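Please read these notes with the sequence and the model open side by side, and look up each residue as it is named.

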Amino acid sequence: MRHRDPNTIVARLAASLREQLDELTDEVTTLIQDNIGIYSEDALVTRTQLWSAVRQNLARSLSQLERPDTVEHESARASGRARAAQGAPLPEVLRAYRLGFAHLWQRLLDSARAAGPRETHALLDAVAGIWELNDEFANAVTEAYREEMTARAVSLDRRRSALVAALVDGTLSDQYTAWEISQLLGIPFEGPFLVVIAEVPPLEGEALLHLEDRLRCRDIASAWRSQHDREIGIVYRNRRRTPEDILDIVAGAATTRIGVSPEFDRLDRTSRAARFASVAMESLPAGTTGIRQLPDTPLSDLIISNPDNTRSFVWRVLRCILELPDNDRSTHIATARAWLDAQGSAAEAGRVLYCHENTVRYRMRRLEERLGTTLDDPLKLAELAAALQAIQAFPDLTATSSGAR
């Protein structure tokens with residue numbers, strides 16, 4: 001703050017106005033209420049609150065005209081913080097300051113003219129410094145307003161993140177039910193919903209570029225939680241959108257691996273869906289960019305509940321196939337899948353695989369030999385079908401682990 005030299009004439013004019021401070025406050029308060037809509041009713045800022053703030057700011061302005069070396073802006077900063085907390089738009093707040101200061105200047109000018117030419121010239125000579133004071137007050141209001149809004153945005157974001165965490169982690173308490181959380185987050189309690197989990201690269205810190213904003217622009221509500229390694233979102237799909245619409249928007253923002261849950265119908269089922277989304281993301285190859293959504297099947301549920309046991313099961317059933325060279329392994333698995341999808345028809349499987357049906361029969365006999373069993377056994381056939389479905393949904397189950405050996 002630059003030093004201002006005192007002006008004894010201006011100081012006397014300010015002191016004379018101080019004696020009329022309450023009257024001056026009434027005038028400015030009425031002027032603001034008559035000209036600025038948000039102050040015209042008591043819904044946002046009451047007349048008592050406005051009058052008090054106007055009086056404080058007028059008193060501080062007069063004090064600084066009387067003693068220019070005691071400049072401080074706490075009253076302006078307090079007003080900025082208060083209006084931000086009340087939700088008043090910043091342009092209207094600044095307009096109120098301009099109206100108030102313009103009225104103060106007019107009253108000073110009227111007093112100077114009534115006192116004589118000497119006082120009028122002295123006030124006009126000081127006009128630049130007086131309006132600089134107004135700019136400083138306006139800057140103080142703006143700075144405090146923005147600081148308060150930033151603090152409130154951070155606080156709101158943290159609160160929303162904590163509420164999302166309660167749904168995702170399944171840690172609902174007596175304090176909030178899932179229905180109450182839905183009201184606080186501004187999303188319905190009943191869906192359809194999707195959980196989206198996106199990996200956050202260690203050095204970049206943001207997996208999805210403004211996805212919440214992208215969804216909001218398309219009238220799709222969502223709530224998010226940020227963690228050091230992932231972003232977790234609960235997305236509400238309104239009936240005007242298809243599941244494919246959501247997936248397209250998410251995929252369009254992807255820069256890393258993204259897992260998407262099956263759709264679910266109530267917020268109190270978020271935790272289960274989040275496990276699906278997490279496994280879907282982790283099943284994509286590390287270091288890749290892509291999106292994957294898991295189906296909600298009994299087998300998927302089983303795999304997600306205990307991946308280690310599922311891996312052990314896959315290896316017990318298919319070890320002799322999984323340990324083959326890549327080409328042989330891929331041929332056996334593709335043939336078995338096509339044969340199962342064709343409900344045991346070698347001819348139909350051959351059409352899918354672009355080979356003769358006898359080739360399919362030969363490969364299936366070779367598969368039975370390696371498995372050491374016949375697929376006429378319903379139990380063995382069920383085991384093969386379950387193992388193939390598991391690795392189709394979760395290719396990483398074919399990776400060896402201590403539990404599989």
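Which residues does Leu123 touch, not counting residues up to four places away in sequence? The points below begin with that question and then move along the chain.

1. Leu123 touches Val10, Leu13, Trp105, Leu108, Leu109, Ala112 and Ile130, where contact means heavy atoms within 4.5 Å. This is a predicted model, in which local features need pLDDT of at least 70 and side-chain atom pairs count only at pLDDT 80 or more, while totals for chains, interfaces and linings use all residues. Residues are numbered from 1 along each chain as its sequence is written, and side-chain values use heavy atoms, with hydrogens and water left out.

2. Leu123 also belongs to the largest nonpolar core, which has 41 residues, and together with Ile32, Tyr39 and Leu104 it touches the most other members. A nonpolar core is a set of buried Ala, Val, Leu, Ile, Met, Phe, Trp, Tyr and Cys residues joined through side-chain atoms within 4.5 Å; buried means under 20% relative accessible area, exposed means over 50%, and partly exposed lies in between, with a 1.4 Å probe and protein chains only. Two or more residues each are given to this core by helix H1 (8-18), H2, H4, H5, H6, helix H7 (117-125) and helix H8 (127-169), and the largest share, eleven residues, comes from H6. Helices (H or I, at least four residues) and strands (E, at least two) are DSSP runs, numbered from the N terminus. A second, separate core has 33 residues, including Ile304, Ala336, Ala349 and Phe394. In soluble globular proteins, nonpolar side chains tend to be buried together.

3. How many cavities of 30 Å³ or more does the structure hold? There is one, and about 240 Å³ of space lies in the largest cavity. On a 1 Å grid over the protein atoms alone, a cavity is a set of points where a 1.4 Å probe fits but cannot get out, and lining residues have an atom within 4 Å of a point; grid points are joined across faces, edges and corners, and the volume is the space filled by probe spheres set on the points. The lining of the largest cavity has 18 residues, and Ile32, Val54, Asn57, Ala96 and Tyr97 are the closest to its centre. Helix H2 (21-35), H4, helix H5 (74-86) and helix H6 (90-115) each supply at least two residues of this lining. By class, the lining has 13 nonpolar, four polar and one charged residues, where Ala, Val, Leu, Ile, Met, Phe, Trp, Tyr, Cys and Pro count as nonpolar, Asp, Glu, Lys and Arg as charged, and the others, Gly among them, as polar.

4. Ser61 is found in helix H4 (residues 47-66) and is buried, with a relative accessible area of 4%. The side chain of Ser61 reaches the backbone oxygen of Asn57 at 2.9 Å. Leaving aside neighbours within four places in sequence, Ser61 is in contact with Phe101, Leu104, Leu133 and Phe137.

5. Val250, in helix H11 (residues 243-252), is buried at 1% relative accessibility, and it touches Val196, Leu211, Ile258 and Ile291, not counting residues up to four places away in sequence. Thr310, in helix H14 (residues 307-322), is buried with a relative accessible area of 7%. Thr310 and Ala386 are 76 residues apart in sequence and 9.9 Å apart in space, C-alpha to C-alpha.

6. Gln343, between helix H15 (326-341) and helix H16 (346-353), has a phi near 55 degrees and is exposed, with a relative accessible area of 77%. Tyr354, between H16 and helix H17 (357-371), has a phi near 60 degrees and counts as exposed at 76% relative accessibility. Most residues other than glycine have a negative phi.

Technical notes
Polar contact = N/O pair within 3.5 Å; in protein donor to acceptor, adjacent residues only side chain to side chain. 1 Å grid on protein atoms, 1.4 Å probe; cavity = no way out; pocket = protein on both sides within 12 Å on 5 of 7 lines; lining within 4 Å.
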